[in-house]
Amino acid sequence: MTQTSENVTWLTQEAYNKLRAELEYLTGPARAEISAKIAAAREEGDLRENGGYHAAKEEQGKQELRVRQLTQLLENAKVGEAPAADGAVAPGMVVTIAFDGDEDDTLTFLLASREYASSDIETYSPQSPLGTGVIGHKVGEDAEYELPNGKKAAVKILKAEPYES
């Protein structure tokens, strides 16, 4: 299967290792723990009114969803270095834009997958309308993206620097 830039997630080696470790934990020790909880709850009797059993099954479902998400993310991941500080917008960069060229109306965000998301800075996916609109543009250039109502919004790229975690 060939990968397009739309389904590839760029990760640093550190981020890849962290996500791989989480996946290994969830598919190993965490699965054993949840299976033990379910087995213990089953032994309590009537499953229809067994709150512990239902809670454990719900937890198992959430855990398996996360396993599927991580598996897909890591299958589509490209591990590489942080983007070059050449002024061109790329995933893994902190970008500052001005809406409609108004330098008093700005937004600074990290252009990355949510796996990079931090409470320190707003994060936009490279696949989002804003992300696809600014990727490849250089500092000083104008770009546009489509709003949910179908209209276009114009932005000017003020700054693009690699993210330092």
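This is a predicted model: local features need pLDDT of at least 70, side-chain atom pairs count only at pLDDT 80 or more; totals for chains, interfaces and linings use all residues.

Colleague: Is asparagine 50 buried or exposed?

Modeller: The cut-off for buried is under 20% relative accessible area. Asparagine 50 has 5% relative accessibility, so it counts as buried.

Colleague: Which backbone nitrogen lies 3.0 Å from a polar atom of the side chain of asparagine 50?

Modeller: A polar contact needs a pair of N or O atoms within 3.5 Å. At 3.0 Å from a polar atom of the asparagine 50 side chain, the backbone nitrogen is that of tyrosine 53.

Colleague: Within what arc do the buried residues of H1 fall, seen down its axis?

Modeller: Helix H1 covers residues 13–27, and its buried residues are Ala15, Leu19, Leu23 and Leu26. They line one face of the helix because, seen down the axis, they fall within an arc of 70°.

Colleague: Which strands stand at the edges of the open sheet?

Modeller: The sheet has 5 strands in the order E5-E4-E3-E7-E6. Two strands each have a single partner, so one side of each is left without a neighbour in the sheet: E5 (123–124) and E6 (142–146).

Colleague: What is the bridge partner of valine 95 in E4?

Modeller: Strands E3 (residues 93–99) and E4 (residues 106–111) pair in the antiparallel sense over 6 bridges. In E4, valine 95 has as its bridge partner phenylalanine 109.

Definitions and conventions
Residues are numbered from 1 along each chain as its sequence is written. Side-chain values use heavy atoms; hydrogens and water are left out. Helices (H or I, at least four residues) and strands (E, at least two) are DSSP runs, numbered from the N terminus. The expected span of a helix is 1.5 Å times one less than its number of residues. Buried means under 20% relative accessible area, exposed over 50%, partly exposed in between (1.4 Å probe, protein chains only). The arc is that of the directions from the helix axis to the C-beta atoms. A polar contact is a pair of N or O atoms within 3.5 Å; within protein, one must be able to donate a hydrogen and the other to accept it, and residues adjacent in sequence count only if both atoms are side-chain atoms. Two strands pair if DSSP finds at least two bridges between them.
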